[in-house]
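Hi,

Here is the structure I promised to pass on.

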Amino acid sequence: MTETSATPAPFLPNQAATGRLLRPSIWRKLSRDKAAMLAAVFLVVVVALGVLAPWITPYDPYDNNLRNMLKPPSAAFWLGNDGLGRDMVSRLLFGIRTTLTMGIIAVAAGGSIGAVLGLLAAYFRRLEGPIMRVVDVLLSFPSILFGLAIAAVLGAGTFSITIALTVAAVPAIARITRAAALVVMQQEYISACRAIGMSDGRIIFRHLLPNCASTIFVYLTLQLGQTILLGAALSFIGLGAQPPTAELGTMAADGRNFLFFAPHVSTIPSFAIFLIVLAFNVLGDALRDVLDPRLRQ
Amino acid sequence: MLQHIAHRLLISIPVLIGVLLVGFLLLQVVPTDPATVVAGPTATHVEIEAIREAMGLNEPIYVQFGIYLTRVLQGDLGRSMISNSPVVTELANTVGPTIELMLASLIWAVPLGIVLGTLAAVRRGRMSDRIIMAVSVAGVSMPIFWFGLMLIQYVGFHWQLFPFQGRGGPLWTLSGLDHIVLPALTLGGVFIGPVARMTRTSLLEVLGSDFVRTARAKGVSERRVVVSHALRNSLIPVVTLIGLQIGFLLGGAVVTETLFAWPGVGRLAVGAITSADYALAQGAILVLALSFLLVNLLVDVLYAVLDPRVRAR
């Protein structure tokens, strides 16, 4: 949830950690971590399944067929059917598509806003106080409250939940970016850029941002897992994607009504969420360990 | 000490005003006219206009915010559009069960998390450490509703050990205790992982410090070193981190309450939002945010009590 979700262990960027993601040695180290590699491969497959869902699903995920209602897995329907007789494989693939889209859009948007705020706070010291105070306040509130408040105003639905997830992603990324950018700001090449009269915008986006990119990227990976978890929780309590939309949290909530005689309807989407979030967490942790070995306790 | 508390109170004021402003704006942007709601379905246009004037809804927005603040300070959050009872009454009935649920979850999850974290730190790198940490990562990745659903399915339905719907009454009754077991297991279950992880990190740091080496050098038994020297010192950051995770617990509480039909603030908020009962939703969100601020404040003070260095800063 959750922030609904537990916040991942803090990632404190150090000088060595910034601007190194593209080095081959990093990838070599990462490739030695079997769990991380497994997580990465799993995520690639899951994303591919989500992207290709409209072309590879065996049935229409919205096609009701009450004759197949709550059937257990069989040769024709590999994961069985839900309460309206819809094919669970097709719904699962479309569910992954919706859930991942919501999570990725929210983290990309929230991450971008957060990164820009963090860069501005680090570069323009005058802005640091006001930006960071607002960020601290946002950070101090449980993410689920944003979900509740935004759903109260805009009504329940995929759109309002994506906005809530975006807002929830901003403060953590802003803070992490600022910390990384402050380290980069100490470097001589930034002073050199200033000395040759380079514009602020160019310094920020051509030099500061690329050198903080790896830190931001690692944190985005960890954030994505938490965002997906929060989005699924909000959908589960009825504030996110609305039926008949195939979304993993909504599907799990759907299956709740048949829990005692057809547990597969809620178990399959819940298990999918668990695996996806676990993969993002394992990969994020491994990336952090490789980029900042001091934290590998 | 008093100075520290005063300082913390002072910096909470802008946040408090911010929260109230958001609560106020929530009611401004929703597509319902409070005067029409108060007047009831049979009111004439003239009556609605009179109520509108009396409620100050024709005033400029900053004046309305002032009126809103005064009303909130007097404990008036409006009336529920569905039950027509005062929002404050509805909230008063639900705050207790939420606090009860959170405490019942913390009371078993925090000690267990600390024990597991300590075990992992002491046996660092060994199989037990790896298993505990793997379970902890899995716990952080687990959708809370799935854990709850599994408990309902097996413990509640198949084995029929505990009830899984609603609250059975006060905690000192058998029925009350019976009903809280599954919700508290669900909410506490997802909390063990983070606590174990924090304890392990904090304890590892302390185990590497000079005073632990001194204790070992003077021949103190390993058990005593860990329990009386290292663990006591490592618990200070753990207390703060647990405090910071209260928000996470609150999020979990909203889901758990909905899942187990537990009559708490979270379920009230979700119900109000899905039925477009704006006044009630706003009140519930306000109470959740304010109680969260209060808990943060308490944790900060507790931190200063536990660690004299914080006071000196």
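Below are notes on the interface and on one helix.

Some housekeeping: this is a predicted model, where local features need pLDDT of at least 70 and side-chain atom pairs count only at pLDDT 80 or more, while totals for chains, interfaces and linings use all residues. Residues are numbered from 1 along each chain as its sequence is written, chains are lettered from A and ligands numbered from 1 in the order in which they are written, and side-chain values use heavy atoms, with hydrogens and water left out.

The interface: 46 residues of chain B and 47 residues of chain A are in contact (heavy atoms within 4.5 Å). About 3,800 Å² is buried between the two chains, with 77% of that from carbon and sulfur atoms (buried area is the accessible area, 1.4 Å probe, lost on putting the two parts together, summed over both). There is 1 salt bridge between them (a Lys or Arg side-chain nitrogen within 4 Å of an Asp or Glu carboxyl oxygen): B:Arg197 to A:Asp285, at 3.3 Å, N to O. On the chain B side, α11(B) gives the largest share, 9 residues (helices are DSSP runs, H or I, of at least four residues, numbered from the N terminus).

After α8(A) comes A:Gly238, with a positive phi near 100°.

Cheers

Terms used. Helices (H or I, at least four residues) and strands (E, at least two) are DSSP runs, numbered from the N terminus.
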